[in-house]
Amino acid sequence: MTPAVLSPMRSLRWKLGQLPLGGLMARMIVSDHDYVTGKYKLHKLKEIEDFVAANVQVNVPFNNPVTGVCALAILANPSTYEIINPADFGMSRYVHFTSRLTGWNAIKSRVEQLGLTMKDDQVKSLTNKIKAMADVRVLTMDDTDTIIRSFASEAGKV
């Protein structure tokens with residue numbers, strides 16, 4: 001982006017209290033979904049926000065995670081909790097699964113995303129293992145995926 005584009009964006013952020021462009025677009029899409037999705041290339045928004053954030057040296061998350069919501073409810077019927085469909089912005093739904101507070105449905109969803117097959121009792125046991133590890137230290141997605149794959153391998157499922 002040229003300075004002619006970055007400067008107004010910096011100014012807009014300052015005037016609107018550091019409002020990320022994604023936040024503005026998210027508010028707009030709620031008001032008129034069809035207009036916004038028809039007029040703007042929302043799938044490019046994350047790339048633009050990352051570019052601006054890198055150039056102004058400010059970390060701008062695309063969307064703050066929703067906390068305190070049951071993963072099973074989100075997975076079963078996302079529109080109950082999401083007024084905005086992540087696919088409208090070229091993104092996929094993400095259910096946080098690396099925390100000591102994670103539930104077994106979030107782990108089950110990740111197991112399926114990784115193309116693995118486990119019975120519910122195995123997923124529940126795996127969840128307890130992940131939660132115990134997360135009590136010791138912060139787990140990354142790679143850490144958790146490694147635990148999942150190792151557990152599946154030990155169970156003879158890979």
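Visitor: What does the secondary structure of the protein chain come to?
Guide: In this predicted model, the protein chain has eight helices and zero strands. From the N terminus on, the elements run α-α-α-α-α-α-α-α.

Visitor: And how many of the residues count as buried?
Guide: Of the 158 residues of the protein chain, 30% count as buried.

Visitor: Let us take Thr127. Where does Thr127 lie?
Guide: Thr127 belongs to helix H7, which covers residues 120-136.

Visitor: Is Thr127 buried or exposed, and why?
Guide: Thr127 is buried, because its relative accessible area is 3%, and the cut-off for buried is under 20%.

Visitor: Which residues is Thr127 in contact with, leaving aside neighbours within four places in sequence?
Guide: Thr127 is then in contact with Thr102, Gly103, Trp104 and Ile107.

Visitor: At what angle do H6 and H7 pack?
Guide: Helix H6, residues 104-113, packs with H7 at an angle of about 110 degrees, and their axes are 9 Å apart. H6 is therefore roughly perpendicular to H7.

Visitor: Which residues make that contact?
Guide: H6 contributes Trp104, Ile107, Lys108 and Val111. From H7 come Asp120, Val123, Lys124, Leu126, Thr127 and Ile130. The residues of this contact divide into six nonpolar, one polar and three charged.

Visitor: What lies over the face of Trp104?
Guide: Lys124 does, at 4.6 Å from the ring centre.

Visitor: A change of topic: how many aromatic pairs are in the whole structure?
Guide: A search of the whole structure finds zero aromatic pairs.

Visitor: Finally, how many of the contacts between residues at least 6 apart in sequence join residues at least 24 apart?
Guide: In the protein chain, 56% of those contacts do.

Note on methods. Residues are numbered from 1 along each chain as its sequence is written. This is a predicted model: local features need pLDDT of at least 70, side-chain atom pairs count only at pLDDT 80 or more; totals for chains, interfaces and linings use all residues. Side-chain values use heavy atoms; hydrogens and water are left out. Helices (H or I, at least four residues) and strands (E, at least two) are DSSP runs, numbered from the N terminus. Buried means under 20% relative accessible area, exposed over 50%, partly exposed in between (1.4 Å probe, protein chains only). Contact means heavy atoms within 4.5 Å. Rings of Phe, Tyr and Trp (its six-membered ring) pair if their centres lie within 6.5 Å; planes under 30 degrees apart count as stacked, over 60 as edge-to-face and the rest as tilted. A charge sits over a ring if NZ of Lys or CZ of Arg is within 6 Å of the ring centre and within 35 degrees of the ring normal. Axes are lines fitted to C-alpha atoms, for helices over the stretch in contact, and angles run from 0 to 180 degrees between N-to-C directions. Angles under 35 degrees count as roughly parallel, over 145 as roughly antiparallel, 65 to 115 as roughly perpendicular and the rest as oblique. Ala, Val, Leu, Ile, Met, Phe, Trp, Tyr, Cys and Pro count as nonpolar, Asp, Glu, Lys and Arg as charged, and the others, Gly among them, as polar.
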